[in-house]
Amino acid sequence: MSARQDSVSTRLDDAARAGWLYYVAGNTQDQIAAKLGISRQTAQRLVSLAVSEGLIKVRVDHPIAQCLDFAQHLRSRFALDLVEVVPSDPDSSSTTIGIAGAAAAEIERRLRSEQPIVMAIGTGRTLKAAIEQLPPMECPQHKVVSLTGNISPDGSAAFYNVIFTMADRIKARSFPMPLPVIASSPEEREMLLGQPMIQPTLALAARADVTFVGIGDLGPKAPLYEDGFISESELRALQKAGAVGEIVGWVFDREGRMIDGITNERVASAPLPSREKSLVVALAMGERKLPGILAAVNRRLVNGLITDERTAAALLG
């Protein structure tokens, strides 16, 4: 190990120690400084480093009354089976802050079950952020299956496909979908989905006990477009057809109806598992995603939702 690497490793060790003293042992920064023989300013920087480097995971266990109230109203109005509403940061434009941690906690809770389950996983930025917050776990009794392909248009691995990251963290049997997210033609899609090695994965996805997905918007910065899965002309065509959101590539309008043709006829993702027999949870927040979230819960494309209080208020408004 080089001197530089050794220095970085030592600093992370110090940060982890400072973070533990602050968040777990309940020391003040002055107490940490005294115990570690450093200045208060250094103690403050080390605690901040522990959080920024992901060495410390912070969860707030105290229920916030307004969030609980929003959750109850959302559950009642949209006949949802699971709702969690987290506090909003009024100064943040992030579409993952808060809900990624809440989703990680819910996923972890499901994986702690000794009873074997099948968990289906979508894709996207929010889900990726959630999976990155999972602690290392040993879950050989469970199966985790991807609903969507993991190949980008240029042949590279899809950056926001999370199945491999998740399998590595929880040590469960994983079933990726070795397909492009969107095929080049309807004929190619049918040929790919008909392959013998794909059929068992599709069958497994269909019987998932619980599913976690993101909801993408179809605005100017639509994830499907920004990540290179659809062209600008296809995005415009979808917008003209009334598209407001997508789940694992399946594009739908304000009524939650799938858009005919265009890209939906080439999507290689598995259909969403039954919402009557299983739980399908969407992780989504923010103004851009609001029309898609509203359509998804109104049409019961999903029967679970993890969102923030600002989005919850807009949905109820």
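G37 follows helix 2 and has a positive phi, near 70 degrees. The model is predicted. Start with the helix that G37 follows.

Helix 2 spans residues 29–36, and Q29, I32 and A33 are buried there. These three cover an arc of only 100 degrees around the axis, which puts them on the same side of helix 2. The spacing fits a general rule. An α-helix has 3.6 residues a turn, so residues three or four places apart point the same way. The other side of helix 2 carries A34 and K35, and both are exposed.

Now turn to helix 1, residues 3–24. W20 lies in this helix. W20 also belongs to a nonpolar surface patch, together with Y22, Y23, V24 and V51. The patch covers about 490 Å². Helix 1 supplies its largest share, four residues.

Next comes a buried position. L315 is found in helix 13, which runs over residues 309–316. Its relative accessible area is 6%. Buried means under 20%, so L315 counts as buried. Which residues does L315 touch, leaving aside those up to four places away in sequence? They are L74, R77, F78, L290, I293, L294 and L305. Take L290 from that list. L290 and L315 are 25 residues apart along the chain, and their C-alpha atoms are separated by 7.4 Å.

Three strands form it, in the order 6-7-8. The sheet is open and the pairing is antiparallel. Strand 6 (216–217) and strand 8 (250–253) stand at the edges. Each has a single partner strand, so one side of each is left without a neighbour in the sheet. In general, strands of a sheet pair through backbone hydrogen bonds, either parallel or antiparallel.

How many bridges join strand 7 to strand 8? Four, with strand 7 covering residues 243–247. A243 stands opposite D253, and G245 stands opposite F252. Strands 7 and 8 form a hairpin with two residues between them. V248 sits in the turn and has a positive phi of about 45 degrees.

Are the faces of strand 8 covered or open? Both are covered. W250 and F252 lie on one side, V251 and D253 on the other, and all four are buried. Strand 8 is thus an edge strand within the sheet, while its two faces are covered.

Definitions and conventions:
Residues numbered from 1 in each chain as written. Predicted model: local features only at pLDDT ≥ 70, side-chain atom pairs only at ≥ 80, totals over all residues. Heavy atoms only, no water. Patch = residues over 30% accessible without salt bridge, like charges linked within 9 Å, V, L, I, M, F, W, Y side chains within 5 Å. Areas by Shrake-Rupley, 256 points an atom, 1.4 Å probe, with all protein chains shown as cover. Salt bridge = Lys/Arg side-chain N within 4 Å of Asp/Glu carboxyl O. Pairing = 2+ DSSP bridges. Buried < 20%, exposed > 50% of the residue type's maximum accessible area, 1.4 Å probe, protein only. Arc of directions from axis to C-beta. Contact = heavy atoms within 4.5 Å.
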